[in-house]
Amino acid sequence: ADDLLGRAVVPFATAWRRGAAGGSSAAMPFKLRADDKAVLYVGFERTPRPDQLIAYIEKADNLPLGDAGRADPFVVVRIAELDDFGEPPDRSNALAGRAAVTEPA
């Protein structure tokens, strides 16, 4: 089984601009959403194709511990346009609530 350690969101405009510098850009830090002490260093590179961008993880600091080697730890880096609240506009939040239940007959 895999072990998700966290997510980092990279604004699309930032990634595109950094990749446009030519070659690979110097990696820059992005904090994980669940733990502000955990940081991923992500670099960007444009390809010859005009609609393609490469993201690479240079290193990570202070990632939360997984399950002591029984799983493959991973993180998710998402490049997305952000809304006025700094969130991807297509983000969904599952809220706990009471389900409507029909009484038995």
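Hi everyone, let's start with the strands: β3 and β4 pair in the antiparallel sense over eight bridges. Strands here are DSSP runs of E, at least two residues, numbered from the N terminus, and two strands pair if DSSP finds at least two bridges between them. A hairpin of six residues joins β3 to β4, and Gly-43 has Tyr-56 in β4 as its bridge partner.

A quick word on the source: this is a predicted model, where local features need pLDDT of at least 70, side-chain atom pairs count only at pLDDT 80 or more, and totals for chains, interfaces and linings use all residues. Residues are numbered from 1 along each chain as its sequence is written, and side-chain values use heavy atoms, leaving out hydrogens and water.

Now the loop. Thr-47 sits between β3 and β4 (53-61). Is Thr-47 buried or exposed? Thr-47 is buried, at 18% relative accessible area; the cut-off for buried is under 20%, with a 1.4 Å probe and protein chains only. Beyond its neighbours within four places in sequence, Thr-47 is in contact (heavy atoms within 4.5 Å) with Gln-52 and Ile-54. Its side chain also makes a polar contact with the side chain of Gln-52, at 2.9 Å; that term means N or O atoms within 3.5 Å, one able to donate a hydrogen and the other to accept it.

Finally, the core. The largest nonpolar core has nine residues, including Ala-38, Leu-40 and Phe-44; such a core is a set of buried Ala, Val, Leu, Ile, Met, Phe, Trp, Tyr and Cys residues joined through side-chain atoms within 4.5 Å. Its largest share, three residues, comes from β3.

How values were computed: Buried < 20%, exposed > 50% of the residue type's maximum accessible area, 1.4 Å probe, protein only. Helix = DSSP H or I, 4+ residues; strand = E, 2+ residues; numbered from the N terminus.
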